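I opened this two-chain entry to note how its parts are put together. My notes are below the display.

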Amino acid sequence: MYENVIMPEGMNAEVLEHLMHPKNYGKLDDANGVGVALDEKTNEYVVFYTLFDGDIIKNASYATNGCQDTVVIGSMFSDMIIGNNLDYAHGSIAKMHEKLGDLTPQQKICAEIVFSSFIASIKNYENVKAGAEEELHLFKMKESCESAGKQGKNNE
Amino acid sequence: MNKIYQAKHDLWLSITFSSFAINDEEIKSRLYDFAQMAFRHMKWLGEDILSAGDKYNYDRDILLYKRETVFEIINALVIDIKAIQNVYPDTVLGERIKTDDAYLLDYLSEVLANKSNNKEITAFNMKREWLDKNLPQDQIDALTIFLFDESYKEYELILIYAYMQTRTKDILQYNVYQDLIDESHFHLKSFANMMAKLGILALPRELHEMTYIVKDLDKFIRDGIDEEMAAKEMCKALSEAIKDEELSKFFDFINYQENYHIELMRKLL
């Protein structure tokens with residue numbers, strides 16, 4: 001199992017730094033967009049807090065009970081989008097896919113759960129702006145980390 | 001009241017991770033004993049807070065003492081212990097905690113009085129070398145990921161079980177939670193000391209309330225049993241991947257321990 005572990009970009013200094021000191025980790029009290037992506041099979045979640053000022057992402061943070069891949073991707077992604085606008089953030093998802101390179105099926109799910117939670121935070125922001133009373137917006141993941149793991153094993 | 005709890009939570013982590021960071025076995029061991037005392041303080045403060053009809057959470061405001069020498073760590077710890085004295089409640093428990101802290105401060109003064117204790121701290125150097133072992137890079141990578149995953153998981157379990165223990169009136173549940181907390185303390189200590197040896201000691205991530213507020217105990221336990229089974233597999237895989245007899249035996253031992261954790265959890269169903 002661990003013999004073939006590939007961390008995003010390999011276990012380089014950047015990844016190690018994100019592991020030891022995840023950036024933008026924890027609650028953001030003044031967030032005006034809160035999104036959660038949940039894997040119901042494993043109960044793993046990412047909650048993403050975004051502070052929007054119009055189209056600009058003034059601040060962002062995340063929290064998760066997931067694995068280290070999720071932590072590293074959340075750390076990299078949140079860092080990438082802070083101070084930029086929504087178009088840039090959407091483009092960042094594609095850039096992150098490029099940056100992460102070849103991932104295992106499980107790692108792909110980890111990346112998707114981070115991106116989905118961010119998109120859920122945008123949805124929450126838009127819904128509240130439109131007058132809805134919504135504390136957070138929840139996306140349930142279609143694919144589970146658990147089944148991706150099994151799929152990965154079967155494919156080996 | 002949550003401010004007191006949060007300050008104690010922070011101090012418990014500070015003492016615990018100071019113990020992990022310091023190489024000297026005697027100082028490490030003494031500090032770990034004090035850290036366990038601080039954890040009990042935290043538990044009793046939590047019980048008092050709930051009895052008073054108040055609430056607490058696991059929010060934190062702590063930075064790891066990433067220092068280069070033992071004295072720098074001890075001095076930082078002394079400042080934080082002194083600062084918390086004014087935060088403790090004016091109660092019998094508060095006074096008792098202060099006497100424990102006073103004894104810890106005495107001990108830290110003794111450590112600081114002996115200059116030979118002021119050794120270099122290697123726990124944060126990120127070298128990822130195990131000096132007395134010759135592990136190839138892929139095994140070090142595997143071990144690194146395992147240690148980050150599992151040290152967080154053990155910290156998470158300690159706090160979830162403690163949260164539930166404080167809220168149960170059932171003696172069996174209370175005792176099972178205590179056993180599970182004790183086991184997770186041991187695992188956290190083992191894993192974090194390994195991280196320190198590798199120069200990658202880091203605080204586990206803060207827990208979000210979605211993680212520790214359990215709405216469905218039965219589902220939580222069943223999921224927990226599944227997680228223990230997964231942890232067994234990870235230990236087994238790591239034991240096979242690490243070509244070092246001592247480390248392999250250790251991960252086998254952790255794997256076998258998960259069996260009785262599962263049995264303990266089944267008692268909660």
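**Conventions**

I am working with a predicted model, where local features need pLDDT of at least 70, side-chain atom pairs count only at pLDDT 80 or more, and totals for chains, interfaces and linings use all residues. Residues are numbered from 1 along each chain as its sequence is written, and chains are lettered from A and ligands numbered from 1 in the order in which they are written.

**Chain A, overview**

I looked up the elements of chain A and found five helices and four strands. Helices (H or I, at least four residues) and strands (E, at least two) are DSSP runs, numbered from the N terminus. From that end, the order in chain A is α-β-β-β-α-α-α-β-α. I then checked burial: 44% of the 156 residues in chain A are buried. Buried means 20 or more other C-beta atoms within 10 Å of a residue's own, exposed means 12 or fewer, and partly exposed lies in between, with C-beta atoms placed from the backbone. Of the contacts in chain A with a separation of 6 or more, 64% join residues 24 or more positions apart. A contact here is two C-beta atoms, placed from the backbone, within 7 Å.

**The sheet of chain A**

I traced an open sheet of four strands, ordered β3-β2-β1-β4 in chain A, with mixed pairing. β3 (56-64) and β4 (137-140) of chain A are the edge strands; each has a single partner strand, so one side of each lacks a neighbour in the sheet. On average, neighbouring strands of this sheet are turned by 20° against each other, direction ignored. Axes are lines fitted to C-alpha atoms, for helices over the stretch in contact, and angles run from 0 to 180 degrees between N-to-C directions. Strands count as paired if DSSP finds at least two bridges between them.

Next I went through the pairs.

- β2(A) and β3(A) are antiparallel, over eight bridges. F52(A) is opposite I57(A) in β3(A). Their hairpin has two residues between the strands, and G54(A) takes a positive phi near 65°.
- β1(A) and β2(A) run antiparallel, joined by seven bridges. This hairpin has four residues between its strands, and N43(A) in the turn has a positive phi of about 65°.
- β1 (residues 33-39) of chain A pairs with β4(A) in the parallel sense, over four bridges.

I picked out G35(A) in particular. G35(A) stands opposite F48(A) in β2(A), and also opposite H137(A) in β4(A).

Is β1(A) enclosed or open, by its burial count? Seven of its seven residues are buried, so β1(A) is largely enclosed by the rest of the structure. G33(A), G35(A), A37(A) and D39(A) point one way from β1(A), while V34(A), V36(A) and L38(A) point the other way.

I also checked what lies over the sheet. Helix α2 (residues 68-81) of chain A lies across β2 (44-53) and β3 of chain A, and runs at about 170° to β3(A).

**Chain A against chain B**

I counted 21 residues of chain A in contact with 21 residues of chain B. On the chain A side, α1 (13-20), β2 and α2 each supply at least two residues. α1(A) gives the most, with three residues. By class, that side has 15 nonpolar, five polar and one charged residues. Ala, Val, Leu, Ile, Met, Phe, Trp, Tyr, Cys and Pro count as nonpolar, Asp, Glu, Lys and Arg as charged, and the others, Gly among them, as polar.

**Domains of chain B**

Chain B splits into domain 1 (1-121) and domain 2 (123-269); the bounds come from an automatic or database domain assignment. Their centres, taken over C-alpha atoms, are 23 Å apart. I found 15 residues of domain 1 in contact with 16 residues of domain 2. On the domain 1 side, α2(B) gives the most, with five residues.

Y161(B) is in contact with Y177(B), L180(B) and I181(B), leaving aside neighbours within four places in sequence.

Last, I looked up E120(B), in the loop between α4 (92-113) and α5 of chain B. E120(B) counts as exposed because it has 9 C-beta neighbours inside 10 Å.
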